[in-house]
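This report describes the packing, ring pairs and charge pairs of the model shown below.

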Amino acid sequence: MPRLLTDTRVVFGRYLRQTLRSRPAMLFGLLQPLMFLVFFGPLLERVPLGGDGDSWQTLVPGLLVQLGLFSSAFAGFGIILEKHHGVIERMRVTPVSRLALLLGRLLRDVLQLLAQSLLLVAAGVVFGLRAPVMGVAVGFLFVGVLALSLASLSYALAMRVSTPQEFAPVINAFNLPAMLLSGILLPMALAPSWLDTVSHFVPFRYLVDAVRAAFTGDYGDGRIAVGALAAVLLAAASMTAGTQLFRRAGA
C-alpha cells in the first residue's frame with residue numbers, strides 16, 4: 001500500500017503538471033456546457049419544468065453531469081496519443097505499479113473536472129443560479145464519482161484500440177443516448193411515459209436527479225439516496241472492469 005500511494009502520487013504529479021501547462025485545453029472543455037448555459041438557459045426562465053427549484057437549479061446540475069460525462073468519457077484520448085509517441089512503452093519498463101498508472105490519471109481527471117465545475121457554477125451564479133453551498137458540494141461529489149467511473153472505462157478502452165478513429169465512435173455511441181435519456185437539459189418528467197420509462201434504465205438519470213435535489217436543498221429527498229446508490233454501484237462496476245482491462249492490456 002505505501003508503494004502504491006507513492007507511485008500514484010508520482011503519476012498524479014506528472015499529469016497534473018501536464019494539465020497546468022495546457023490550461024486552454026481545460027477551458028475549451030468548458031465551452032459546450034457554457035454555450036448551453038448562455039444560449040439555452042435564458043429560454044427556460046419562463047418555462048414550467050415540472051420540478052422543484054427554478055430553471056437555473058434545473059439546468060446547471062444537468063450541465064455539471066454533462067461536463068463529467070463528456071470530459072471523462074473522452075479521457076482515453078490522452079493514452080492513445082501517448083501510445084503513438086512511445087510514452088506507454090517507456091512506462092512499461094519502469095517498476096511503477098500498473099494500478100498507480102491508472103489511479104494517478106484518475107485523480108488528475110477528478111481534480112480537473114472539479115475545477116471546471118467550479119467555473120461553471122460561478123458562471124451560473126452570474127446568470128441567476130442560487131443554490132446552498134452544501135448542495136453544490138454534494139453535486140460536486142456526485143460529479144467526481146462519475147468522473148472516476150467513466151474515466152477508468154475510457155482508459156481501459158483506449159488501451160485496447162490503436163487509433164482515435166476506433167475510439168471516438170464507441171464513445172459517441174455511448175454518450176449521445178446517455179445524454180438524451182438522463183434528462184441533462186430538461187427533466188424527464190416532461191417526456192412521454194414510454195420515454196420516461198426507458199430513461200429509468202440509464203443510471204445517469206439518477207445522478208442528475210440527485211444533483212438537482214441537492215441544488216434545491218432537498219437533502220432528505222429520496223432522489224439523493226437513490227442517486228448515491230446508483231453512483232456507488234456504477235463506480236464499483238466501472239472501476240473493477242476498468243482496472244482489470246487496464247492491467248490486462250499491460251499498461
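Burial is judged here by relative accessible area, where buried means under 20%, exposed over 50% and partly exposed in between (1.4 Å probe, protein chains only). The model is predicted, so local features need pLDDT of at least 70 and side-chain atom pairs count only at pLDDT 80 or more, whereas totals for chains, interfaces and linings use all residues. Residues are numbered from 1 along each chain as its sequence is written, and side-chain values use heavy atoms, with hydrogens and water left out.

**Salt bridges**

A salt bridge is a side-chain nitrogen of Lys or Arg within 4 Å of a carboxyl oxygen of Asp or Glu, and a search of the whole structure finds 7 of them.

| Glu82 | Arg14 | 3.6 Å |

Because Glu82 lies in helix H5 (residues 77-84) and Arg14 in helix H1 (residues 2-20), their bridge ties together parts that are 68 residues apart in sequence; helices are DSSP runs (H or I) of at least four residues, numbered from the N terminus. Glu82 counts as buried at 9% relative accessibility, whereas Arg14, at 30%, counts as partly exposed. A network of salt bridges links Arg14, Glu82 and Arg105. Asp209 and Arg205, by contrast, both lie in helix H11, 4 residues apart, which is about one turn of the helix. Asp209 is buried with a relative accessible area of 19%, and Arg205 is buried at 10%. Asp109 and Arg108 are also both buried.

**Nonpolar cores**

A nonpolar core is a set of buried Ala, Val, Leu, Ile, Met, Phe, Trp, Tyr and Cys residues joined through side-chain atoms within 4.5 Å. The largest has 42 residues, and those with the most contacts inside it are Val121, Phe142, Phe204 and Phe215. At least two residues of this core come from each of helices H4 (55-73), H7, H8 (133-160), H9 (164-181), H11 (203-215) and H12 (222-248). Apart from it lies another core of 24 residues, including Val11, Ile80, Ala100 and Leu101.

With contact meaning heavy atoms within 4.5 Å, and leaving aside neighbours within four places in sequence, Phe204 is in contact with Leu69, Leu146, Leu150, Phe174, Ala178, Ser182 and Leu234. Ala151 lies in helix H8 and is buried, with a relative accessible area of 0%. Not counting residues up to four places away in sequence, Ala151 touches Ser72, Ala75, Leu106 and Asp109.

**Aromatic pairs**

Rings of Phe, Tyr and Trp (its six-membered ring) pair if their centres lie within 6.5 Å, and planes under 30 degrees apart count as stacked, over 60 as edge-to-face and the rest as tilted. The structure holds 5 aromatic pairs. In one of these, the rings of Trp56 and Phe127 have centres 5.7 Å apart and planes at 40 degrees, so the pair is tilted. It links distant parts of the chain, with Trp56 in helix H4 and Phe127 in helix H7, 71 residues apart. Trp56 is buried at 4% relative accessibility, while Phe127 is partly exposed at 33%. The rings of Phe74 and Phe77, with centres 5.8 Å apart and planes at 0 degrees, are stacked. Ring pairs join Phe74, Phe77 and Phe167 into a cluster.
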